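I opened the notebook to look up which parts of this chain are packed inside. The entries follow the order in which I checked things.

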Amino acid sequence: MNILILGRGKTGSLVAEVARERHHEVVVLCASDNPRASALTAKRLEEVDLVIDFTTPQAVVENIEACLRARKNMVVGTTGWYGELPKVRQMVEQSGTGFLYAANFSVGINLFFDVARTAAAALQHRYLGQIFERHHAQKKDAPSGTAAALQKIIKDASGTELEIISFREGDVVGMHEVVLNSPNDTIYLCHDAKSRRGFAQGAVRAAEWLSGKKGFFDFKDMWREM
Ligand SMILES: NC(=O)c1ccc[n+]([C@@H]2O[C@H](COP(=O)([O-])OP(=O)(O)OC[C@H]3O[C@@H](n4cnc5c(N)ncnc54)[C@H](OP(=O)(O)O)[C@@H]3O)[C@@H](O)[C@H]2O)c1
């Protein structure tokens, strides 16, 4: 595929590397190449099969709107914009394109979500819980999109909304913990990302899966097929 990657930061650069390893043609744009989504015209996107976005919460919605106007399929890894999800979903359905997003493209964290969903039963047995998340000091949004996803999964499974406590320190790639505490014992669940490569591999595999598809998808719709 001809893939256009938006964002030449820590994750976008790695997505480009993985996509090239998987024999895709790749072009990457950074903020100065694409102010207010100005590079994403129908003409500029003519030769592009799919766009992948790893930018910022401030830039991503304009990028999505421009790509949907040009009827381009899109994979979005950027977090911190999910208040706009209903509007984006409607735009995807109206434009007849394929769109896939995830707060976390690693297979490990998606397995961790399943474990947390199961462990949420503890909250119906008088356990009290908290979610802790740690990321590098430059991360722009808090709580992380992954922590918010964990919170929703646990709430849907148990009816209880856990507090999220965020730490920003050093160069931590991404650590998420769920701690469930009773007078008798404590359950600790922890996922600790060692590098961003798992995210990049998941995003590129999601792009391949989305090729030729229409509709609004979440990574959980496809990761088991990887
Ligand atoms: N879903 C997942 O699995 C996953 C995994 C990791 C990160 N993320 C999310 O992905 C996003 C990026 O993370 P990161 O760690 O890579 O951040 P980062 O290192 O700060 O990179 C962000 C990049 O976006 C670029 N940018 C900003 N506006 C742009 C625009 N209009 N067009 C093109 N590029 C633009 C910036 O360009 P300049 O350098 O020129 O300013 C920068 O290179 C964050 O929201 C993060 O939470 C998601």
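Which residues does V15 touch, not counting residues up to four places away in sequence? I worked from a predicted model. I found that V15 touches I5, I52, F54, A200, A203 and V204.

Next I looked up the largest nonpolar core. It has 27 residues, and V15 is among those that touch the most other members, together with I5, I52, V75, L100, F105 and F219. I listed the elements that give two or more residues to this core: strand 1 (2-6), helix 1 (10-21), strand 2 (25-29), strand 3 (50-53) and helix 6 (197-210). Helix 6 gives the most, with seven residues. I also noted a second, separate core of 25 residues, which includes L40, L68, V92 and Y101.

V92 took me to helix 3 (residues 85-95), where the buried residues are L85, V88, V92 and S95. Seen down the axis of helix 3, these buried residues fall within an arc of 95 degrees, so they line one face of the helix. The general rule is that an α-helix has 3.6 residues a turn, so residues three or four places apart point the same way.

I then checked the other side of helix 3, where P86, E93 and Q94 are exposed. What covers the buried residues of helix 3? I found that the cover includes helix 2 (60-69), strand 5 (98-101) and strand 10 (215-218).

G96 follows the helix, and its phi is positive, near 65 degrees.

Terms used
Residues are numbered from 1 along each chain as its sequence is written. This is a predicted model: local features need pLDDT of at least 70, side-chain atom pairs count only at pLDDT 80 or more; totals for chains, interfaces and linings use all residues. Side-chain values use heavy atoms; hydrogens and water are left out. Buried means under 20% relative accessible area, exposed over 50%, partly exposed in between (1.4 Å probe, protein chains only). Helices (H or I, at least four residues) and strands (E, at least two) are DSSP runs, numbered from the N terminus. The arc is that of the directions from the helix axis to the C-beta atoms. Contact means heavy atoms within 4.5 Å. A nonpolar core is a set of buried Ala, Val, Leu, Ile, Met, Phe, Trp, Tyr and Cys residues joined through side-chain atoms within 4.5 Å.
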